[in-house]
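My notes follow in the order I looked things up.

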Amino acid sequence: MNSFDFEKVLTIGAGGMIGSYVDFGYRPDHTTLDILDADAVMEFVKKNNPSAIIHLAGATDMMKTEQDPLYAYELNVRGTYNVAQAATSVGATMVLASSSRVFDGHKKGPYTEDDAPDPQTHYGRTKYISELIVASLVESYIIARTAWVFGGGVDRDNKFYGKVLKQLQSGTEVTALYDVHGSPTYGKDFVATIKDLLEKGERGIFHIANAGTATRFDLATAMATHVKPDAHVRAVDRSYFASSTTLPTNESISSKRITLRPWQEALAEYVSEEWKA
Ligand SMILES: NC(=O)c1ccc[n+]([C@@H]2O[C@H](COP(=O)([O-])OP(=O)(O)OC[C@H]3O[C@@H](n4cnc5c(N)ncnc54)[C@H](OP(=O)(O)O)[C@@H]3O)[C@@H](O)[C@H]2O)c1
């Protein structure tokens, strides 16, 4: 029986790609609630007394996180600390969206919840510190590591998938890496899984990604089959993009506790439902 009241859940960062699938509870936008304003976060949380806080706000401009470590630190570390302090003050369960980039990227095959983090990027380090903050300050928490998220549709998807879909739609040539592996994840499936975990009272660290791994080339090719089957997708290696050379080559994760549908099925649904011409 469903006893979890999702109307008592606060989501921070609900205006983003993943947050676009949250259709319940308190969802203040960035201008209403800034995670860098510790007093405002504490006041908002004490006033609304949420049973859980889903924390999706963070430094998500990957290029900028590597060029400007302070940007990553401020949002991912200080911002998360402010949210964790507020969650603790009302005894709320805290859900942190974390990342496959907490791992070193050298493993052959997907990282599971049993693998030890060893981040190699500024972004990864700040996400790992945010995990440590949540695990040490908050009594009841879910650390949800995910990777290569697609979602948000035409308006909010400005990252890899959105760029490729726009290139395909406009007939621009698509180039994509064939030598970096990751775990594609539909934001909609991520949010549904978080709801399920909250409802079942599951707590701890979870890897949440659609089943299967892929390269960026695999993903671009799959999107082309749905949008423009005659498009040519050019496979390139990491040396092609200056920004890719320092990134991990393996961002694949799998879970010992959660199995989601295959990424191919989820991506097909995303393109057909949210990228209709
Ligand atoms: N996307 C992925 O592939 C991926 C993979 C692994 C982990 N994650 C994690 O999942 C979380 C959500 O990712 P996403 O892709 O949905 O990000 P996103 O689309 O960039 O959304 C982030 C949201 O946070 C808000 N925000 C930014 N700074 C804020 C602040 N100081 N105070 C309050 N809100 C603020 C943004 O609002 P404005 O736009 O108005 O600034 C936006 O609504 C992040 O923690 C990210 O690290 C994402």
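**Ligand contacts**

I began with the side chains and found a polar side-chain atom of Lys 127 at 2.9 Å from an oxygen atom of the ligand. I keep in mind that this is a predicted model.

I then checked the backbone. A backbone N or O atom of Gly 16 is 3.1 Å from a ligand oxygen atom. For Ile 18, I noted a polar backbone atom 2.9 Å from an oxygen atom of the ligand.

On its own the ligand has 900 Å² of accessible area, and the protein covers 80% of that.

**Shell around the ligand**

I asked which elements give two or more residues to the shell. They are strand E3 (93-99) and helix H4 (122-137). E3 supplies the largest share, three residues.

I listed 22 residues around the ligand, of which Met 17, His 30, Asp 34, Thr 60 and Tyr 123 come nearest. By class, I recorded eleven nonpolar, eight polar and three charged residues in this shell.

**Domains**

I turned to the domain assignment of the protein chain. Domain 1 is given as 6-149 + 184-207, and domain 2 as 152-182 + 212-251 + 258-274. I noted 24 Å between the C-alpha centres of domain 1 and domain 2. Their contact takes 27 residues from domain 1 and 30 residues from domain 2.

How much area do domain 1 and domain 2 bury between them? I have about 2,400 Å², with 57% of it on carbon and sulfur atoms. On the domain 1 side, Met 17, Trp 148 and Pro 184 lose the most area to domain 2, together 33% of what that side buries.

I marked Met 17 for both lists: Met 17 is among the residues that come nearest to the ligand, and Met 17 is also one of those in domain 1 that lose the most area to domain 2.

Technical notes:
Residues are numbered from 1 along each chain as its sequence is written. This is a predicted model: local features need pLDDT of at least 70, side-chain atom pairs count only at pLDDT 80 or more; totals for chains, interfaces and linings use all residues. Side-chain values use heavy atoms; hydrogens and water are left out. A residue is near a molecule or strand if one of its heavy atoms lies within 4 Å of it. A polar contact is a pair of N or O atoms within 3.5 Å; within protein, one must be able to donate a hydrogen and the other to accept it, and residues adjacent in sequence count only if both atoms are side-chain atoms. Accessible areas come from the Shrake-Rupley method with a 1.4 Å probe; for residues, only the protein chains shown count as cover. Helices (H or I, at least four residues) and strands (E, at least two) are DSSP runs, numbered from the N terminus. Ala, Val, Leu, Ile, Met, Phe, Trp, Tyr, Cys and Pro count as nonpolar, Asp, Glu, Lys and Arg as charged, and the others, Gly among them, as polar. Domain bounds come from an automatic or database domain assignment. Contact means heavy atoms within 4.5 Å. Buried area is the accessible area (1.4 Å probe) that two parts lose on being put together, summed over both.
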